[in-house]
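I opened the file to look up a few local features and write down what I found. The entries follow in the order I worked.

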Amino acid sequence: MRVLVLSGSSRTGSVNARLAALVAAQVGRAAAVAEAVTLGDFPMPPYDGDAEAGEGLPKTALDLCRRIEDAQALIIASPEYNASVPGVLKNAIDWVSRYSPQPFKDKQTLLVSASPSMVGGNRGLWALRVPLEHLGARVYPDMFSLANAHHAFTEESALADRELDERLNATIGSFLDLVEADTRYLCLQHRWYEFLGDRTDAPVTSRAQD
């Protein structure tokens with residue numbers, strides 16, 4: 001089982017990059033294959049419809065699309081900018097959304113965040129759910145937000161708070177159990193159709209589950 005772990009920040013010393021690395025290590029200990037990347041690995045210009053029409057998707061956007069396609073699950077560690085989604089992450093989602101077939105559709109996705117604030121970036125994660133769920137991603141109900149993140153890591157890049165570490169492990173474990181069930185046991189699959197640009201042979205009704 002392959003899991004793409006994406007840090008929504010590529011800044012040197014980013015607490016979200018540290019959290020993403022910790023998540024990737026825990027995914028690996030759960031006997032899955034984790035690929036840890038940052039948005040800095042996929043630099044993209046601001047989305048422009050004219051540029052897309054004239055030149056197509058940037059190579060970096062296509063690369064990110066293929067990485068998402070190749071993984072059974074996606075975990076995003078996102079900063080919170082002004083109580084919302086960082087512009088660079090939203091821009092990447094906008095570019096990827098133009099790819100066909102839509103790589104976010106039906107992708108099991110877990111959202112985590114780290115922030116020096118006392119809410120740990122949780123407001124940004126709620127904002128991030130909106131475009132991802134609109135594009136058909138199956139965003140896991142539970143999210144993990146690490147508050148006071150500048151002081152939350154040990155020198156070995158583990159979480160200093162044992163209870164938080166156990167909660168993160170439990171969240172990742174439950175998420176991977178769901179991904180495995182979704183991957184291996186097709187009879188358990190449930191798909192929600194909300195993305196207006198979706199094309200499927202199955203009957204579609206508004207907010208209907210089949």
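**Entry 1: Ser 9**

The model I am reading is predicted. I placed Ser 9 in the loop between S1 and helix H1 (15-29). Is Ser 9 buried or exposed? I read a relative accessible area of 7% for Ser 9, so I logged the residue as buried, the cut-off being under 20%. I then listed its contacts, leaving aside neighbours within four places in sequence: Ser 14, Ala 17, Thr 38 and Pro 79.

**Entry 2: Glu 80**

I next went to Glu 80, in the loop between strand S3 (73-77) and H4. Glu 80 has 16% relative accessibility and therefore counts as buried, again with under 20% as the limit. What does the side chain of Glu 80 reach at 2.9 Å? I found the backbone nitrogen of Gly 124 there. I also noted a polar contact of 2.6 Å between the side chains of Glu 80 and Arg 123. Not counting residues up to four places away in sequence, I have Glu 80 touching Val 119, Gly 121, Asn 122, Arg 123 and Gly 124.

**Entry 3: helix H3**

I checked the span of H3, residues 59-70. Its 12 residues reach 17 Å from first C-alpha to last, close to the 16 Å expected at 1.5 Å a residue. Which residues of H3 are buried? I listed Ala 61, Leu 64, Cys 65 and Ile 68. Seen down the axis of H3, the buried residues fall within an arc of 105 degrees, so I recorded them as lining one face of the helix. I kept the general rule beside this: an α-helix has 3.6 residues a turn, so residues three or four places apart point the same way. On the other side of H3, I found Lys 59 and Asp 70 exposed. I then looked for what covers the buried residues of H3, and the cover includes strand S1 (2-7) and helix H4 (87-96).

**Entry 4: salt bridges**

How many salt bridges does a search of the whole structure find? I got 12. I wrote out some of them.

Arg 67 and Glu 35 meet through their side chains in a salt bridge, 2.5 Å from N to O. I noted that this pair links distant parts of the chain, with Arg 67 in helix H3 and Glu 35 in strand S2 (residues 33-38), 32 residues apart. Arg 67 is partly exposed at 26% relative accessibility, and Glu 35 is partly exposed with a relative accessible area of 23%. I also found Arg 67 and Glu 35 linked with Arg 2 and Asp 63 in a network of salt bridges.

Asp 106 and Arg 138 form a salt bridge at 3.7 Å, N to O. I placed Asp 106 in the loop between H4 and strand S4 (108-114) and Arg 138 in strand S5 (residues 138-139), so the pair ties together parts that are 32 residues apart in sequence. I have Asp 106 as buried, with a relative accessible area of 16%, and Arg 138 as buried, with 13%.

Asp 142 forms a salt bridge with Arg 167, and I read 3.3 Å between the closest N and O atoms. Asp 142 lies in the loop between S5 and strand S6 (144-146) and Arg 167 in helix H6 (residues 162-184), so I logged a tie between parts 25 residues apart in sequence. Asp 142 is partly exposed at a relative accessible area of 31%, as is Arg 167 at 34%.

**Entry 5: aromatic pairs**

I counted 2 aromatic pairs in the structure. Tyr 47 and Trp 95 form an edge-to-face pair, 4.8 Å centre to centre with 70 degrees between the planes. I placed Tyr 47 in the loop between S2 and helix H2 (49-55) and Trp 95 in helix H4, 48 residues apart. Tyr 47 is partly exposed, with a relative accessible area of 31%, whereas Trp 95 is buried, with 2%.

For Tyr 140 and Phe 175 I read ring centres 5.5 Å apart and planes at 70 degrees, so the pair is edge-to-face. I have Tyr 140 in the loop between S5 and S6 and Phe 175 in helix H6, 35 residues apart. Tyr 140 is buried at a relative accessible area of 15%, and Phe 175 is buried at 0%.

Note on methods
Residues numbered from 1 in each chain as written. Predicted model: local features only at pLDDT ≥ 70, side-chain atom pairs only at ≥ 80, totals over all residues. Heavy atoms only, no water. Helix = DSSP H or I, 4+ residues; strand = E, 2+ residues; numbered from the N terminus. Expected span 1.5 Å × (residues − 1). Buried < 20%, exposed > 50% of the residue type's maximum accessible area, 1.4 Å probe, protein only. Arc of directions from axis to C-beta. Contact = heavy atoms within 4.5 Å. Polar contact = N/O pair within 3.5 Å; in protein donor to acceptor, adjacent residues only side chain to side chain. Salt bridge = Lys/Arg side-chain N within 4 Å of Asp/Glu carboxyl O. Phe/Tyr/Trp six-rings, centres within 6.5 Å; stacked < 30°, edge-to-face > 60°.
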